[in-house]
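Subject: Structure handover

Hello,

Here is the structure for your files. My notes follow below it.

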Amino acid sequence: NEWMRIKVTEILEAGWFFCQIFGDQNDRLNDIMRQINSSDYSPNLVGFAPKVNDLCVARFSVDGFWYRARIVKSLEKDFEVFFIDFGNQD
């Protein structure tokens with residue numbers, strides 16, 4: 001048996017949930033996300049033609065921060081994304 005510290009980030013129906021494992025890799029990811037969310041970050045959208053299943057960073061509508069995401073649906077002028085580190089969609 002192995003014990004690990006986790007943080008539950010999303011709970012779905014039927015017993016499914018998403019979590020993050022605490023540790024060195026999570027610390028590195030948090031450092032990268034702090035850099036992306038710094039006031040001087042501006043994404044380069046030149047030539048960006050996203051498609052379903054592409055990985056990207058997306059701004060979460062609730063808090064305005066950028067997070068790693070995967071595009072799940074292309075809408076008329078927007079996209080629906082799945083936030084891969086949290087398990088929710090926006």
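The buried residues of helix 1 are covered by, among others, strand 2 (17–21), strand 3 (55–59) and strand 4 (66–74). Helices (H or I, at least four residues) and strands (E, at least two) are DSSP runs, numbered from the N terminus.

This is a predicted model: local features need pLDDT of at least 70, side-chain atom pairs count only at pLDDT 80 or more, and totals for chains, interfaces and linings use all residues. Residues are numbered from 1 along each chain as its sequence is written, and side-chain values use heavy atoms, without hydrogens or water.

Helix 1
The buried residues (under 20% relative accessible area, 1.4 Å probe, protein chains only) are Asn26, Leu29, Met33 and Ile36. They cover an arc of only 75° around the axis, so they sit on the same side of helix 1. That arc is taken from the directions from the helix axis to the C-beta atoms. On the other side, Asp24, Arg28, Arg34 and Gln35 are exposed, meaning over 50%.

Three strands make an open sheet, ordered 3-4-5, with antiparallel pairing. Strand 3 and strand 5 (79–83) are the edges, each pairing on one side only. Two strands pair if DSSP finds at least two bridges between them. Strand 3 and strand 4 are joined by five bridges. Val57 stands opposite Arg68 in strand 4.

Packing
Helix 1 packs on the sheet and touches strand 3 and strand 4; contact means heavy atoms within 4.5 Å. The direction of helix 1 makes about 80° with that of strand 4. Axes are lines fitted to C-alpha atoms, for helices over the stretch in contact, and angles run from 0 to 180 degrees between N-to-C directions.

Best regards
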